[in-house]
Amino acid sequence: MGTVNFIWNLTKNYFTFGLIGLAVSDRYASIVPVGGISMSPTFNPHDDSSMRALTRDFVVVEKLCLEKYKFSLGDVVVFSSPTNHKEKNIKRITALPGDLVSTPHYDAVVIPEGHCWVEGDNQAWSLDSRSFGPIPLGLVRGRVTHVVWPPHRVGKVERMTPKSLTPF
């Protein structure tokens, strides 16, 4: 009977901690891997294909910013792709509602209310607003705050707008 009680208590504990973990990651924060080089050198600066699994960055995504959609220029955000809702992207906000943006594909774009303009730090390898236009803020899933892996890169993600990405 002792073994059954032990297994039952262990199952209850795992289930309880699983529910708490799910609630925290859904509502407050989660840790996600960063794939690709579109945000290099901010993320994955040394994308060596043979060691990718050990060296790719993992980041903390805080979700409290979603309550009132409070974002600033230079924030790095995770959002659902406007072309494939199952795909998540990480890019930097370079323009907010009302800002003007000039790109090679558009003369000048005024960012509509409820949208933002996102671009990767590595523009040569980034599929971003220059390809699909402004994204609705409703697609944003959270703001990246810290790198937590690999250990030598642990630290805060700085809010910055590179000069090459400055709005028009």
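Reader: Leaving aside its neighbours within four places in sequence, what is Ser38 in contact with?
Author: This is a predicted model. In it, leaving aside neighbours within four places in sequence, Ser38 touches Ile90, Lys91, Gly120, Asp121, Asn122, Trp125 and Ser126.

Reader: Which side chain makes a polar contact with the side chain of Ser38?
Author: That of Lys91, at 2.7 Å.

Reader: Where does Ser38 lie?
Author: Ser38 is in the loop that runs between strand 1 (29–33) and helix 2 (52–55).

Reader: Is Ser38 buried or exposed?
Author: Ser38 is buried: its relative accessible area is 12%, and the cut-off for buried is under 20%.

Reader: Let us turn to the partner. Where is Lys91 found?
Author: Lys91 belongs to strand 4, which covers residues 88–95.

Reader: And does Lys91 count as buried or exposed?
Author: Lys91 has a relative accessibility of 4%, so this residue counts as buried.

Reader: Which residues is Lys91 in contact with, leaving aside its neighbours within four places in sequence?
Author: Apart from those neighbours, Lys91 is in contact with Ser38, Met39, Asp75, Val76, Val77, Phe79, Val118, Glu119, Gly120, Ser126, Leu127 and Asp128.

Reader: Which residues does the UniProt annotation "active site" cover?
Author: According to the UniProt record, which is an unreviewed entry, the "active site" annotation covers Ser38 and Lys91.

Reader: A new topic, then: the largest pocket. How much space lies in it?
Author: The largest pocket holds about 300 Å³ of space.

Reader: How many residues line the largest pocket, and which lie nearest its centre?
Author: The lining consists of 19 residues, and those nearest the centre are Val32, Val78, Lys88, Asn89 and Ile90.

Reader: Which strand gives the most to that lining?
Author: Strand 4 does, with 4 residues. Strand 1 and strand 4 each contribute at least two residues to the lining.

Reader: By class, what does the lining of the largest pocket have?
Author: The lining has 9 nonpolar, 5 polar and 5 charged residues.

How values were computed. Residues are numbered from 1 along each chain as its sequence is written. This is a predicted model: local features need pLDDT of at least 70, side-chain atom pairs count only at pLDDT 80 or more; totals for chains, interfaces and linings use all residues. Side-chain values use heavy atoms; hydrogens and water are left out. UniProt positions are given in the numbering used here, feature names are shortened, and annotations may be inferred rather than shown by experiment. Buried means under 20% relative accessible area, exposed over 50%, partly exposed in between (1.4 Å probe, protein chains only). Contact means heavy atoms within 4.5 Å. A polar contact is a pair of N or O atoms within 3.5 Å; within protein, one must be able to donate a hydrogen and the other to accept it, and residues adjacent in sequence count only if both atoms are side-chain atoms. On a 1 Å grid over the protein atoms alone, a cavity is a set of points where a 1.4 Å probe fits but cannot get out, and a pocket is an open set with protein on both sides within 12 Å along at least five of seven lines; lining residues have an atom within 4 Å of a point. Grid points are joined across faces, edges and corners, and a volume is the space filled by probe spheres set on the points. Ala, Val, Leu, Ile, Met, Phe, Trp, Tyr, Cys and Pro count as nonpolar, Asp, Glu, Lys and Arg as charged, and the others, Gly among them, as polar.
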